[in-house]
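Here are my notes on the model, point by point. Please read them with the structure open.

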Amino acid sequence: MRNQGESPGSHGPGEFPELGCYGLAGHATDPQALLDEARTAEHLGLGTLFLSERFNTKEAFALAGAAGAVTTGLRICTAATNHNTRHPLVTAAGAVTLHRLTRGRYSLGLGRGFDALFDVIGLPRITSAQLRDAVDIYRRLWRGETVLGHDGPAGKYPLLQLDPSYDENIPVTLTAIGPATLRLAGEIADSVVLHTFFTDDTTARAVHTIRTAAATAGRDPAALRIWSVLAVVDESQGELARLRKLVGRLGTYLQGYGDILVRVNGWEQRVLDDFRAHPLVTGAGGALDAVASPETLTAVEDLLPEEWLAASATGTATHCAARIADQFRAGVDGVILHGNTPAELNPVLTAWQEYRRNEESAGPADRFPEK
């Protein structure tokens with residue numbers, strides 16, 4: 001399957017359109033590292049590079065422009081930024097710029113963000129009505145329309161216009177966890193990004209909710225691309241990486257917005273409450289995946305039920321490949337391999353290549369979609 005001249009760690013161009021990864025995963029502080037990561041992701045054949053946003057050195061549009069400039073085929077998606085942090089003209093113009101810069105490889109990804117953060121920095125909390133309204137404004141502007149006297153959930157705007165000649169078809173991605181946002185995604189989005197540490201059953205329910213909402217809204221449910229987000233730490237990365245990327249990452253999510261994650265997975269709220277009240281967590285002094293020592297993370301692991309940590313891919317690369325397949329069985333169209341640089345994913349990609357080849361030789365090859 002490799003072309004002659006490719007290095008042993010290389011996969012063919014576009015080898016894995018059904019897989020993606022995050023750029024600058026975790027608490028990255030050097031945005032220049034994204035340049036090599038984007039090139040490596042494309043070299044390895046990954047289909048899409050996702051970019052989260054933090055208010056430090058991870059401003060989403062700047063990162064997307066950089067990734068687009070050093071690649072030629074890799075799709076790029078902000079997953080996610082927020083509509084309430086920029087004027088709609090700025091967001092709409094940024095998306096057009098990235099769309100044209102990448103020759104159509106860019107998708108604008110939006111999400112709800114964090115209420116507590118918005119409260120602190122003085123921004124309104126995001127509602128479904130605001131997201132629906134904002135996306136409608138963007139699409140009207142991308143079609144070259146002039147938006148006059150707008151007064152809706154996303155704000156009041158006397159006059160909005162980019163260019164009357166525009167007729168841009170820019171995909172909108174929505175990140176979603178809870179049922180209301182999943183339904184909204186089915187109604188208005190072109191693609192959907194789920195959340196890390198969804199159980200397989202939760203993923204299947206989310207897919208059903210999204211596609212049902214799309215059908216109810218008169219849209220083609222099969223036209224939406226749904227991405228699961230799978231935490232991946234194969235054994236070649238070592239025990240410290242497993243603790244940091246699995247235990248630390250899940251612990252950090254539970255610190256910040258564990259209530260909704262526990263609720264959608266059907267996990268016990270009491271376990272979350274006990275976890276948050278434990279001195280190891282209350283005394284951490286920050287996000288567990290960023291500040292906790294290996295010894296602390298080992299102790300934190302004892303606070304977490306095995307089933308919670310099992311909503312991931314660990315162990316051998318072969319086992320990680322089988323866990324990727326589980327995501328497709330749950331109904332998604334793509335899997336984001338979370339928590340790694342592209343180079344760190346190479347053993348799992350090789351195992352997935354072999355797994356997929358064996359599956360395709362045994363039956364129809366459409367079980368791993370490329371749309």
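1. Buried means under 20% relative accessible area, exposed means over 50%, and partly exposed lies in between (1.4 Å probe, protein chains only). Arg 100 is partly exposed at 39%. Glu 168, at 15% relative accessibility, is buried. Their side chains meet in a salt bridge of 2.5 Å, N to O. A salt bridge here is a side-chain nitrogen of Lys or Arg within 4 Å of a carboxyl oxygen of Asp or Glu. The pair links distant parts of the chain: Glu 168 is in the loop between strand S6 (155-160) and S7, Arg 100 is in helix H3, and they are 68 residues apart. Helices (H or I, at least four residues) and strands (E, at least two) are DSSP runs, numbered from the N terminus.

2. Ground rules. This is a predicted model, in which local features need pLDDT of at least 70 and side-chain atom pairs count only at pLDDT 80 or more, while totals for chains, interfaces and linings use all residues. Residues are numbered from 1 along each chain as its sequence is written, and side-chain values use heavy atoms, with hydrogens and water left out.

3. Confidence. pLDDT is the predictor's confidence in each residue, from 0 to 100. The chain has a mean pLDDT of 93, and 94% of its residues reach 70 or more. Residues 1-8 stay under 50. For that stretch the model has 13 contacts beyond four places in sequence. A contact means heavy atoms within 4.5 Å. Where pLDDT is low, the predicted coordinates should not be read in detail.

4. Strand S1. How many of the seven residues of strand S1 (residues 16-22) are buried? Seven of the seven are, so S1 is largely enclosed by the rest of the structure. S1 pairs with strand S2 (residues 46-51) in the parallel sense, over four bridges. Two strands pair if DSSP finds at least two bridges between them. Phe 16 has Leu 46 of S2 as its bridge partner.

5. Most residues other than glycine have a negative phi, and most peptide bonds are trans. Leu 24 has a positive phi, near 50°. Leu 24 sits in the loop between S1 and helix H1 (33-44) and is buried, at 2% relative accessibility. Arg 103 also has a positive phi, near 55°. The loop between H3 and strand S4 (106-110) holds Arg 103, which is exposed at 72%. The peptide bond from Ala 79 to Ala 80 is cis, with omega near 10°. Ala 80 belongs to the loop between strand S3 (75-78) and helix H3 (88-101).

6. Surface patch. Phe 55, Phe 114, Leu 117, Val 120 and Ile 121 make a nonpolar surface patch of about 510 Å². Patch residues have over 30% relative accessible area and no salt bridge; like charges are joined within 9 Å, and nonpolar side chains (Val, Leu, Ile, Met, Phe, Trp, Tyr) within 5 Å. Areas come from the Shrake-Rupley method with a 1.4 Å probe; for residues, only the protein chains shown count as cover. Val 120 is in helix H4 (residues 115-121) and is exposed, with a relative accessible area of 71%.

7. Helix H6. Which residues of helix H6 (residues 179-188) are buried? They are Thr 181, Leu 182, Leu 184, Ala 185, Gly 186 and Ile 188. These pack against helix H5 (128-142), strand S7 (172-175), strand S8 (191-193) and helix H7 (200-216).

8. Val 348. This residue lies in helix H15 (residues 346-362). Val 348 is buried, at 1% relative accessibility. Beyond its neighbours within four places in sequence, Val 348 contacts Val 232, Asp 234, Ala 317, Cys 320 and Ile 324. Val 348 and Thr 316 are 32 residues apart in sequence and 8.4 Å apart in space, C-alpha to C-alpha.

9. The structure holds 24. Arg 242 and Glu 301 meet at 2.8 Å, N to O. Arg 242 lies in helix H8 (residues 239-265) and Glu 301 in helix H12 (residues 294-301), so the pair ties together parts 59 residues apart in sequence. Lys 245 and Glu 344 meet at 2.9 Å, N to O. Lys 245 lies in helix H8 and Glu 344 in the loop between strand S11 (334-338) and H15, so this pair ties together parts 99 residues apart in sequence. Lys 245 is buried at 18%, while Glu 344 is partly exposed at 30%. Salt bridges with shared partners join Asp 200, Arg 323, Asp 326 and Arg 329 into one network.
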